[in-house]
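Open the structure in your viewer and keep the selection tool ready. Each stop below says what to pick and what is there.

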Amino acid sequence: MESSVLECIGVEIIGVMSPVSICMFLVVLLVYTLSSPTADTATTIRTAANLVYVENPSDTAVQKFEGAVLNAVVFVVLIALVTFLLVLLYYYNCTSFLRHYMRFSAFFLLASMGGSILLSLIQHFSIPLDALTSFLLLFNFTVLGVLSVFSVGIPILLRQAYMVTLGIIVAAWFTKLPEWTTWTLLVALAVYDLVAVLAPGGPLKLLVDLASTRNEELPALVYEARPTVAVSSGGASTLGLFVAAGVSDSESSRIELQVVSRNNLNSRSGNDNGNFNDNDNDNESSFDGNSLRNSVNEDDGDEEGRSLLASNRMRIGGGREGEVVNEEMSREEGMARRGGVEIADRGIKLGLGDFVFYSVLVGRAAMYDLMTVYACYLAIISGLGCTLILLSVCRQALPALPISITLGVIFYFLTRLLMEPFIVGTATNLMMF
């Protein structure tokens, strides 16, 4: 009986919630540091999110609401059009163009938006840096970021750090939007994420299906968490995952770790006496051609075993790639990209957009009161936990925004309209300390 993924998903959930929490915390710090009491509409930026309507303090509530809804509809339509364009390009195998586009986008975000935030921090803290030194620091930071996100052979911690940095930069810029536009936009994006990932003709679902059919990675900004590897000892029927390391012969010559089911390999070998050495002297899991050769008896007339042995001899002994890939597990596990989460060979994946809009919600709450920040943070983390548990059960791509954004918005307004007046009133009347 196949074990549930819930038995080993706890560490992976923590591995995703930790960077999300760090991103939200740093965005709140930036909002408190760089925002001034006199900053109102003068610092409001003009982007695609408020392309139609620019909010003014003198406008009535009805005008602000109508303008915010119009801005949200236009922004969601633009995102849908761009996503369908990406689907079209990916369908016609314009993968190289998409990769270069993603590299340019990351370079632009780090250089322009990141440079603006860096300049604001230098001015705020009066850091003694000349223009040339600042330019060199920003240039090296930007180039290293692009290489870390899109190149192979980069330490996973450095890649994860730059993914969180990208989320912080974009979220800090979105917090400059007007209040009504921000809340309406968050709700609209949650609804769009739900439709785009789960609807039959949704653009993100089309991208995921195309990538699954071609068995390749989409060139997208996705945060990857390391998988939780639980190797079962003895004959226990828990979710025993075996890590087989294979050396690639491509130009990068990297070592990839793939999550392979021990029971699946044993059943395919046709012999229960298969020997996998998972108690190495260096405490590392190893896999070579001898272990598979011992698990299949060439003299027993098993044609399936012979074909499996021959194919793996080509991969391990003289093949060019030398990777052990479990195609059946990768087919079972769901895939997701920019608008959702995924459990794949390298663990849970979370789109960069989810980092951004979680942090935008908390950053907007930070502009009002810290109590709303705590409430929104707990709501977002709870929604993300529910989404990841559903992901482990459903084993398919799921949108990461709807539950968290819905809970975050509800808790923000409940805290602002009900909880804060109650606590402030009781405290001022010495009824609560």
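**Stops on the tour**

Select residues 371-391: this span is 100% helix and 0% strand, and its end C-alpha atoms lie 30 Å apart. Now pick residues 104-125. Their end C-alpha atoms are also 30 Å apart, and again the span is 100% helix with 0% strand. Both spans are on a list in the UniProt record, an unreviewed entry, under "transmembrane region". The record also lists 12-34, 68-92, 131-150, 180-199 and 397-414.

Next, colour by pLDDT, since this is a predicted model. The mean for the protein is 75, and 67% of residues reach 70 or more. Select residues 227-339. Here pLDDT stays under 50, and the model has 177 contacts beyond four places in sequence for this stretch. Residues 38-42 also stay under 50, with 3 such contacts. Where pLDDT is low, the predicted coordinates should not be read in detail.

Move to the largest nonpolar core. It has 79 residues, and Phe174 and Tyr358 have the most contacts inside it. Helix H5, residues 156-174, gives the most to this core, with 11 residues.

Zoom in on Tyr358. What does Tyr358 touch, leaving aside its neighbours within four places in sequence? Its contacts are Val20, Met24, Ile380, Leu384, Ala400, Leu401, Ser404 and Ile405.

Finally, show helix H12 (residues 352-366) with helix H14 (residues 402-428). They pack at about 5°, with axes 10 Å apart. The angle is under 35 degrees, so H12 is roughly parallel to H14. On the H12 side, pick Phe357, Tyr358, Leu361 and Ala365; they meet Ser404, Ile405, Gly408, Val409 and Tyr412 of H14.

Terms used: Residues numbered from 1 in each chain as written. Predicted model: local features only at pLDDT ≥ 70, side-chain atom pairs only at ≥ 80, totals over all residues. Heavy atoms only, no water. pLDDT = per-residue confidence, 0-100. Contact = heavy atoms within 4.5 Å. Core = buried A, V, L, I, M, F, W, Y, C linked by side-chain atoms within 4.5 Å. Buried < 20%, exposed > 50% of the residue type's maximum accessible area, 1.4 Å probe, protein only. Helix = DSSP H or I, 4+ residues; strand = E, 2+ residues; numbered from the N terminus. UniProt positions renumbered as here; feature names shortened; annotations may be inferred. Axes fitted to C-alpha atoms, helices over the stretch in contact; angles between N-to-C directions. Parallel < 35°, antiparallel > 145°, perpendicular 65-115°, else oblique.
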